[in-house]
Amino acid sequence: MAAGEHPVLETHGLTIRFGGHVAVDRVSCRFVPGTLTAIVGPSGAGKTTATALLTRLYDVTGGAIEVGGVDVRDVRLASLRDAV
């Protein structure tokens, strides 16, 4: 990756459950640097939960979140949160 270049953020089959409730179910998407992306949906659809997963306030139940091809679970938590 070149200096100043920002990594791509991708989710692969992202799933998170709270108790028996599925908050986010098998979501795969790609967020490309330099573009604007909106996450929209009704109240309770999992928007805030999905964004909290990036900083690992919650860990995914299934699937993965990658930044620049690296799973966020493989990055030191302090480094990840400093970067975000």
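Which residues form a nonpolar patch on the surface, and how much accessible area do they have together? Good morning, everyone; let me start with that one. The patch is made of Phe18, Leu57 and Tyr58, and together they have about 300 Å² of accessible area. Patches take residues with over 30% relative accessible area and no salt bridge, joining like charges within 9 Å and nonpolar side chains (Val, Leu, Ile, Met, Phe, Trp, Tyr) within 5 Å. The areas are Shrake-Rupley values with a 1.4 Å probe, and for residues only the protein chains shown count as cover.

A word on the ground rules. This is a predicted model, in which local features need pLDDT of at least 70 and side-chain atom pairs count only at pLDDT 80 or more, while totals for chains, interfaces and linings use all residues. Residues are numbered from 1 along each chain as its sequence is written, and side-chain values use heavy atoms, with hydrogens and water left out.

Now, the sheet. It is an open one of 4 strands in the order β2-β1-β3-β4, with antiparallel pairing. Strands here are DSSP runs of E with at least two residues, helices are runs of H or I with at least four, and both are numbered from the N terminus; two strands pair if DSSP finds at least two bridges between them. At the edges stand β2 and β4 (70-71), each with a single partner strand, so one side of each has no neighbour in the sheet.

Let's walk along β1. Its antiparallel pairing with β2 (residues 21-31) runs over 7 bridges. Glutamate 10 sits opposite arginine 30 in β2, and isoleucine 16 sits opposite valine 24 in β2. The two strands make a hairpin with 2 residues between them, and glycine 19 in that turn has a positive phi of about 60°. With β3, β1 pairs in the antiparallel sense over 5 bridges, and there histidine 12 stands opposite alanine 64.

What does the largest nonpolar core consist of? It has 10 residues: Leu9, Leu14, Ile16, Ala23, Val24, Leu53, Val60, Ile65, Val72 and Leu80. A core is a set of buried Ala, Val, Leu, Ile, Met, Phe, Trp, Tyr and Cys residues joined through side-chain atoms within 4.5 Å. The elements giving two or more residues to this core are β1 and β2, and the largest share, 3 residues, comes from β1.

Leucine 57, the remaining patch member, lies 16 residues from glycine 41 in sequence and 21 Å from it in space, C-alpha to C-alpha. Glycine 41 is in the loop between β2 and α1, and at 36% relative accessibility it is partly exposed.

Last topic: charges. How many salt bridges are there? The count is 3, where a salt bridge is a side-chain nitrogen of Lys or Arg within 4 Å of a carboxyl oxygen of Asp or Glu. Aspartate 25 bridges to arginine 26, with the closest N and O atoms 3.6 Å apart; the aspartate is partly exposed at 39%, whereas arginine 26 is exposed at 62%. Arginine 56 and aspartate 59 meet at 2.7 Å, N to O, and aspartate 59 is partly exposed, with 39%. Finally, aspartate 71 and arginine 73 meet at 2.8 Å, N to O. Is aspartate 71 buried or exposed? Aspartate 71 is buried, at 13% relative accessibility, while arginine 73 is partly exposed at 37%.

Technical notes
Buried means under 20% relative accessible area, exposed over 50%, partly exposed in between (1.4 Å probe, protein chains only).
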